[in-house]
Amino acid sequence: MDCVTCSIPVCRERDKRIGLNMTPSNTKPLLSVRNLRVGLQTSHGQLEALRGVDFEMQRGDTLGLIGESGCGKSLTALAIMGLLPERATVSGSISLNGTELTQLSDEALCNMRGARMAMIFQEPMTALNPLHPIWKQIAEPLQLHQGMDLVSAKARALELLERVQLPRARERLDNYPHQLSGGQRQRVMISIALACQPDILIADEPTTALDVTVQKEVLALIRQLVAEDGMGLLLISHDLGLMRDQVERVMVMYGGAVVESAPTKDLFGRRAHPYTQGLFAARPQLGLKRGTRLQTIAGKVPEIFNWPRGCAFADRCAYVQDNCRLALPQLELVSDTAHAIDDKDADKPRRVDKHWVRCPEWQQLKAPA
Amino acid sequence: MKSPHQVLLDVQHVSQHYALPKPSLFAKAGHIQALKDVSFQLTAGKSMGIVGESGSGKSTLARLVMALEKPTQGKVVFKGQDLNALSQEKLRHSRSDFQMVFQDPYGSLDPRQKVLSIVTESLHSTLSSGSGQLLSTQDLKDRATFALTEVGLRPSDLDKYPHEFSGGQRQRIAIARALITRPSLIVADEPVSALDVSVQAQVLNLMMDLQDRFGLSYLFVSHDLAVINLMCDDVIVLQHGQVVEAGSANEIFQRPQHPYTQALLAAIPGLSQ
């Protein structure tokens, strides 16, 4: 069999040369992140910006990361992609299809990026190169990872643009990014990300810069393509409503740690962490009476160099106990919904949708009105 | 501040054309119609929401109301005065009565100025001209302190630079800058869309409090219908520069009539279930 990613032998030889294990495995998770910690060297000294992030994804999984600026969402994504700044120190494990990413050399990581894992960024105008026509930018990963020549790469670029439903794709091949609208640019970004059919797609606020109606189309497109290719989708957003529509499972981050993790449906039914509750209560919703004051979370997000030793939310929390300030609370199980396993998926690992919360006081929380 | 005028802002049949670059030297330059025959009235103390997607003419309308551009056709009448008929001098003077808050709290504050000069700049240009009234340094500082306390910042923040503040605090500074001339109207162009959910809630609450306290009117431009629903009494929906639906916010969000409004509402994520 050919290379699992791109079905061409060239690629397999390259992988062998750099020591990648390309055997797909059904027993191991597609992506496994274990106790991921990221330290940053700053003028304020050594800071811990991620304080132990754990999660697993299987093929076809859709996982959402939600939280406010500075909570570590994008840092998690960049750590997986190996795109952290050089002064960052990473500990813990990130394993994609059995390959330990944190141990890879720069060259090996380069070969993974774009081929096995890809990322869609928030602002398509700055993520695309303004000096190159779009087809060249789509062709780049194809030439790099699959050894395609320019002619076949251009032909493939057209197929990809048609796949992301860019209108009049053939005429647009030679366009530059500035000639396209925001939604069209994001479609180009998506086609670049999907060019080599990666195992995992990370989308960091992919539609924040777009209008709602365009946002809806682009998200539907991402979902459809991810399902067709059987990728894992890690979607980062601050929009709770968007998560509800787009992902099966949500992780809420605050202060560099995952504070709550639950199947989307469960999370919308019951918010177990005080921060998650505050976040849900603070968003304006249609149907609120004009002039209704929104509920706010007291205080503000602590500066990264001022993070408390314990729970980062402690100073803003109405349920805080002395223990919360001493050490990061452990994850506690809120509910445990085992999913029925289809016969045809019998060889797949058992899928259990657990609802976790990092708060010792979660049982004391009043149910939101 | 009570206004004797019932109708604060009267936008009458405004259209705005922008010339496009000539396709060739001798070709006739085309134009793009950013606004077509837009009319609405804003009552003192009330808020009007402008909804639409990018390119619908929202921001053009905001610029016309701020008298930053002259409309190709139509009139913008503020407190009974046609803004475009005023002399430069008079216009500058009346600018103290309508102020603007911008979307990007990072781009809209001069990074090289201290908060004190940012917040008081409009006082120099508006007050010192028309009325000939000059404010002493102490007066300026007092007014700035007052404005800053109103938006929930500390007087000691006057001596800091914008980079020392978070996004939400910067937007508070921008609001203080608008508030300091004691305007009757604040045009807010996407004032909370760059902010996090919990910060957004604080800024929206602040804007509602200020409206209650000072009887302000807001012209609120946003793509977020839930925010408009919360902040505004009336709404106009713009599509391709035209008003496709106008009316009370309640009515429009509960029973949207125009297909475009319906599409906008249907596209809000999280509402499908």
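Colleague: In what order do the strands of the open sheet in chain B run?

Modeller: Keep in mind that this is a predicted model. The order in chain B is β6-β7-β8-β3-β9-β10, 6 strands in an open sheet. The pairing is mixed.

Colleague: Which strands stand at the edges?

Modeller: β6 (98-101) and β10 (242-248) of chain B. Each has a single partner strand, so one side of each is left without a neighbour in the sheet.

Colleague: And how many degrees is the twist?

Modeller: On average, 15 degrees from one strand to the next.

Colleague: In what sense do β7 and β8 of chain B pair?

Modeller: Parallel, over 5 bridges. β7 of chain B covers residues 185-189, and β8 of chain B covers 217-221. V187(B) is opposite L219(B) of β8(B).

Colleague: What does helix α1 of chain B lie across?

Modeller: α1 (residues 58-65) of chain B lies across β3 (47-51), β7, β8 and β9 (234-239) of chain B. The helix runs at about 150 degrees to β8(B). Helix α5 (residues 167-179) of chain B packs on the sheet too, touching β6 and β7 of chain B. The direction of α5 in chain B makes about 170 degrees with that of β6(B).

Colleague: Switching topic. How many residues of chain A are in contact with chain B?

Modeller: 31 residues of chain A, in contact with 28 residues of chain B.

Colleague: Which element of chain A gives the most to that side?

Modeller: α10(A), with 5 residues. The elements giving two or more are α9 (212-229), α10 (240-246) and α12 (274-282) of chain A.

Colleague: How does that side of chain A divide into nonpolar, polar and charged?

Modeller: 10 nonpolar, 11 polar and 10 charged residues.

Methods:
Residues are numbered from 1 along each chain as its sequence is written. Chains are lettered from A and ligands numbered from 1 in the order in which they are written. This is a predicted model: local features need pLDDT of at least 70, side-chain atom pairs count only at pLDDT 80 or more; totals for chains, interfaces and linings use all residues. Two residues are in contact if their C-beta atoms, placed from the backbone, lie within 7 Å. Helices (H or I, at least four residues) and strands (E, at least two) are DSSP runs, numbered from the N terminus. Ala, Val, Leu, Ile, Met, Phe, Trp, Tyr, Cys and Pro count as nonpolar, Asp, Glu, Lys and Arg as charged, and the others, Gly among them, as polar. Two strands pair if DSSP finds at least two bridges between them. Axes are lines fitted to C-alpha atoms, for helices over the stretch in contact, and angles run from 0 to 180 degrees between N-to-C directions.
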